[in-house]
Amino acid sequence: MNKLAAYDIIRNPVVTEKSTMASEANQVVFDVAIDANKTDIKTAVEQLFSVKVKAVNTLVRKGKVKRFRGRVGVRNDVKKAVVTLVDGQSIDISTGL
């Protein structure tokens, strides 16, 4: 996998209170491409950040139905990946890539 394909899979890190608490358990949360599978995510994270991945858990958050000026619209679905790193490994998402 080349570096551009890895950037297409890993969209951006998720920085929330819950994901910050997960970082204490050696986990990092990313928004990923909706069609990416766990092995693609694992390969992309290992290549971009030079770390060893222990496990990958994914979830799909369904888009909400919203109204804007009386018209009904639907937000896009978002896929998140919770990446667990091997002990001793870490990713500092505040510095960027």
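Q: How is a pocket read, and what is the volume of the largest pocket?

A: Rolling a probe the size of a water molecule over the atoms shows where empty space is left. On a 1 Å grid over the protein atoms alone, a pocket is an open set of points where a 1.4 Å probe fits, with protein on both sides within 12 Å along at least five of seven lines. Grid points are joined across faces, edges and corners, and a volume is the space filled by probe spheres set on the points. In this predicted model, the largest pocket has a volume of about 190 Å³.

Q: Which residues lie nearest the centre of the largest pocket, and which elements give two or more residues to its lining?

A: A lining residue has an atom within 4 Å of a point. There are 13 such residues around the largest pocket, and S23, Q27, V28, I91 and I93 lie nearest its centre. Two or more lining residues come from each of α2 (17-23) and β2 (27-32). Helices (H or I, at least four residues) and strands (E, at least two) are DSSP runs, numbered from the N terminus.

Q: How many residues of the lining are nonpolar, polar and charged?

A: Ala, Val, Leu, Ile, Met, Phe, Trp, Tyr, Cys and Pro count as nonpolar, Asp, Glu, Lys and Arg as charged, and the others, Gly among them, as polar. On that scheme the lining has 7 nonpolar and 6 polar residues, with no charged ones.

Q: How is a sheet read, and in what order do the 4 strands of the open sheet come?

A: Two strands pair if DSSP finds at least two bridges between them. Here the order is β1-β2-β6-β3, with antiparallel pairing. β1 (10-13) and β3 (53-61) each have a single partner strand, so one side of each is left without a neighbour in the sheet. From one strand to the next, the twist averages 30°; angles run from 0 to 180 degrees between N-to-C directions, and axes are lines fitted to C-alpha atoms, for helices over the stretch in contact.

Q: How many bridges join β1 to β2, and β2 to β6?

A: β1 and β2 are joined by 3 bridges, and β2 and β6 by 6. β3 pairs with β6 (residues 78-85) over 8 bridges.

Q: How do I read a positive phi, and where is N26 placed?

A: Look at the residue type, then at the surroundings. N26 is not a glycine, yet its phi is about 65°. N26 sits in the loop between α2 and β2 and counts as buried, at 18% relative accessibility. Leaving out residues up to four places away in sequence, N26 touches V83, T84, L85, V86, D87, G88 and Q89, where contact means heavy atoms within 4.5 Å.

Q: Is R69 buried or exposed, and what is its phi?

A: R69 is exposed, with a relative accessible area of 77%. Phi of R69 is near 55°, and the residue is not a glycine. R69 lies in the loop between β4 (65-68) and β5 (71-74).

Notes:
Residues numbered from 1 in each chain as written. Predicted model: local features only at pLDDT ≥ 70, side-chain atom pairs only at ≥ 80, totals over all residues. Heavy atoms only, no water. Buried < 20%, exposed > 50% of the residue type's maximum accessible area, 1.4 Å probe, protein only.
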